[in-house]
Amino acid sequence: MSPIPRRSLLKAAAVAGAAAQFSWALGAKDAQAAPRAADADDAPVTLDWLEDGGLGAAPGSTVGVPWPKGVYQEDQKFAVTDGDGKGVPVQSWPTAYWPDGSLKWTAHAVSSGSGKLTLAAGDPAAPSKKVTVDKSGGTITVSTGVITAKIGKSGATLIKSVTRGSTEIAKNGRLVLIRQPEIEDEDQGSVKTERFEGAISAVTVEQEGPVRAVVKIDGKHRKGGRSWLPFSIRLYFYAGADSFRMVHTITFDGTQEPGKASGDFIRGLGVRFTVPMRDQSYDRHVRIGGDGTGLLREAVKGITGLRRDPGAAVQAAQYAGEKLPDPATWDQRVTTRLQYIPEWGDYTLSQLAADGFTLRKRTKQGHGWIGAGGGKRASGFGYVGGASGGFSFGLRDFWEKFPAQLDIRDAQTDEAEVTLWLWSPEAQPMDLRFYHDGMGQDTFAEQLEGLNITYEDYEPEFGTPYGIARTSELLFWANESTPSAEKLAEQVEAVRVLPQLAAPPKQLIKAGVFGPGLYSEPDRSTPAKAKIEDHLDFLFTYYKDQVQQRRWYGFWDYGDIMHTYDTVRHQWRYDIGGYAWDNSELSPDLWLWFAYIRSGRADIFRFAEAMTRHTGEVDVYHLGKWAGLGTRHGVQHFADSAKQQRIANTTYRRYYYFLTADERVGDLMHANVDSDETFLVLDPLRKVRTDPYTPDRHALSVGFGTDWSGLVSAWLTEWERKGPKWEKAKARVLSTMEGIAAQPNGFVQGSGLYDLDTGKFAVASAPVVSVSHLSAVFGLNELCAELIDLVDMPKFNEAYFDYCRFFNATKAEQAARYGTNFGSLLLFQGHSRLDAYAAVKTGDAKLAKRAWEKFYDSDGYLESDPWKTEKLSGPTTLVPGSEAPWVSTNTTAIYGLAAIENLALLGDKMP
């Protein structure tokens, strides 16, 4: 979702050519998982960078690559070569396995490369400078061959030192938290704050070379006897790199209560380093990023612009960041007066909103600040150091996740201090209190009435932020001297858009991952196909533009989109209950990831990446009694009382994890393995049940749609990854599939009684018809396509095909099959993809015909819709822009998925 710098021009906007259609005959009457051919394609894979420019100044990149079933075994080695056939050092490891034990996904880390790379079986090239990890003693020492970092095992200092050669570039890397115990409205009261520092509780070396090393640091922020705000930090080091990456996660466990002024209000949250300063003050340099690759380029003691001229060459050298000649060689009218030139030691850039930053500086503490400029959207990059070495630093998504700030302090002394503020201390305190007082909604009946007017499912004490999380990414460079302007621009660009290698869509399609047959490369070979592709492009572009126009930015908000539009106010319903933030409702995450994996488009990847970072962290609880559950759409991401599996759904994280091997997302997926325990804590249907129900460990009511799809996605992923609980996870995948298949009405039964200890569903004694329009639109079809491919269980296949066959059937057809119809349903267009899938798998031509009928002429977007935007300007709207008032996110998500899957499955059966 970030604007892309100049090196990141979009590639592969849409891959033309014939689509890889899923053969009609392939699935005919085939309800079993057939193994792929033994001679499956093991051809080399071309890897390319999402954006132009290659690795640039980034430390390295890790890419996930899928393989067809049976091609490679766990002990397979892989090699990478560049365009000239030269070996590129690579570190490879498995991230998922097929049920037969062969490799399904592998991850590959490289620390060099600018053009296309080729991945193939073979012995990897060894790096000339390996990453090494020494765990002995009181620190963990990681060396890239260029820089060395000493990481603390306890205490408050996470990174004790960063050296390059014999020069210490930075030290005392630590976490800073400012707590404000009371928040006052308007201009009353006095502000008091207290500072906490991160305290390490555990350190784990997850990888130790030769190309990539990863160190995880866990702990809490501590002051005196209180520890709170858990953190999880990962540090990434790559062979030969002069930089490292930090992935920083906090989980909120403070107290903030609506209507109360006292609580745990975060006033500042940051990462701080000390930077030794060895050079003369006129050889000390400060660089702070502005708009684009723009930079403030100054010296602590400037010798440009003076009344007396030290010489043009001296001035040019200082501006370039080069070491100056001996002052004795300058014009002596300057040399003899150097002591009278101020030394500017402190700098602050504050980005308190998405559209504006200010920059100021002062000589030192206790003296006044002066303005040093400003602009719209700062890059989040800074540097302080000198001719003998310096420290570059950057915070990704700086302005998108405002309020953010960069501080440099005491650069005129022997030790400067830099702080990257993830939450600026100059902003208002982080106020996460629930936004209203309940308005008398004390009973379930009253709450349901509230739901009927604002679409918000309110319940007292449920709108809590306790347990939500946020992840940020930072980059650091240990420079041997002040970098050139060109090098600094490369570092800025790495901060703004972290370089990412990618496997091409054809490799994903060939490997049969993410649901074989459900997606194909864009195909405009016929007018009908081209029109759908145009619609898909329109919808993505519209949402990308709306993020900018509506300013869907901010620390807790960036990555999400809004649910429903208010056509009267010409505004998304940001302040109306369940119509505000979308929180993965009806799977926009899946729509975006499917749009990416079929196209390889960088802009779609970045949009989906930001959404995955958001929805997996902010919309889900990671601590407390609701850990493992997510929150339904609402005005605040945690506001609604519907805490459900469907939002915490691991399905939404799988794509980013397998494509990038991101460890934090891996943590999130593993954490969901035991989320079936949440059904013992909270009954998702507590407000609408008509029969008595008390959660029982051995008889928990679990729905076969939104509930089970969330659970089974976590179990399947743990099984594929061979995580710590993979055997339990595998058993639950199989047992619950068997349980659903054994129900009198299969999926149409709606729900079953689940035993937490055995992981099995009790088989109901009598058939029930209980079908919801929501059951299959939170990833059920995509998951079942994967499960049916992986597991040989014909009865399950038939149960799912039956559900697909009858959801969009007529009421008479439903009644003839099940004894009664399914009642009033919605989302027929979205369910056309179920028709398409079942049509291919069973060879049912009538289902294939119905799939396109429901897609084109039911309840979603129609060909007769405008498929264009209308301009907006004042006084109609806050800022100029555009609107498509007929667009809603629910419809967009399910139209997008139906279009992509129907084209792949039945593109040759279009009317």
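Colleague: In what kind of crossing, left-handed or right-handed, does α7 pass α8?

Modeller: A word on the ground rules: this is a predicted model, in which local features need pLDDT of at least 70 and side-chain atom pairs count only at pLDDT 80 or more, while totals for chains, interfaces and linings use all residues. Residues are numbered from 1 along each chain as its sequence is written, and side-chain values use heavy atoms, with hydrogens and water left out. The axes of α7 (588-599) and α8 (602-617) cross at roughly 145° and come within 9 Å; helices (H or I, at least four residues) and strands (E, at least two) are DSSP runs numbered from the N terminus, and axes are lines fitted to C-alpha atoms, for helices over the stretch in contact, with angles from 0 to 180 degrees between N-to-C directions. A crossing is left-handed if the near helix is turned anticlockwise from the far one by less than a right angle, and right-handed if clockwise; here α7 passes α8 in a crossing that is left-handed.

Colleague: Which residues in α8 do those of α7 meet?

Modeller: Contact means heavy atoms within 4.5 Å. On the α7 side the residues are P588, D589, L592, W593, A595, Y596 and S599. In α8 they meet I604, F605, F607, A608, E609, M611, T612 and T615.

Colleague: How are α13 and α14 set to each other, given the angle?

Modeller: The axes of α13 and α14 come within 7 Å and cross at roughly 140°, and α13 passes α14 in a left-handed crossing. Residues in the contact include W708, W715 and W719 from α13, and W726, V733 and I740 from α14. Angles under 35 degrees count as roughly parallel, over 145 as roughly antiparallel, 65 to 115 as roughly perpendicular and the rest as oblique. The two helices are therefore oblique.

Colleague: What angle does the direction of α13 make with that of β33?

Modeller: Three strands form an open antiparallel sheet in the order β33-β34-β35, where two strands pair if DSSP finds at least two bridges between them. The edge strands, each pairing on one side only, are β33 (700-703) and β35 (760-761). Helix α13 (706-721) packs on this sheet and touches β33, β34 and β35. Its direction makes with that of β33 an angle of about 90°.

Colleague: In the five-strand sheet, which strands stand at the edges?

Modeller: The five strands pair antiparallel and form an open sheet in the order β4-β3-β7-β1-β28. Inside that order, β3 (78-81) is joined to β4 by two bridges, and V80 has V88 as its bridge partner. Each edge strand has a single partner, so one side of each is left without a neighbour in the sheet; these strands are β4 (87-88) and β28 (501-502).

Colleague: How many residues apart in sequence are the parts that K301 and E343 tie together?

Modeller: A salt bridge is a side-chain nitrogen of Lys or Arg within 4 Å of a carboxyl oxygen of Asp or Glu, and K301 and E343 form one with their closest N and O atoms 3.8 Å apart. K301 lies in the loop between β19 (295-299) and α1 (312-320), and E343 in the loop between α2 (332-335) and β20 (346-353). The pair therefore ties together parts whose separation in residues is 42.

Colleague: Is K301 buried or exposed?

Modeller: Buried means under 20% relative accessible area, exposed over 50%, and partly exposed in between (1.4 Å probe, protein chains only). With 7% relative accessibility, K301 counts as buried.

Colleague: About how far along the helix are D802 and R805 separated?

Modeller: D802 forms a salt bridge with R805, their closest N and O atoms being 2.8 Å apart. D802 is buried, at 11% relative accessible area. Both sit in helix α16 (794-807), three residues apart, so the separation is about one helical turn.

Colleague: How many salt bridges does the structure hold?

Modeller: One network, joined through shared partners, contains E51, R245, R396, E473, R606, E609, R613 and D662. Another salt bridge pairs K728 with D674, with the closest N and O atoms 2.6 Å apart. For the structure, the number of salt bridges is 68.
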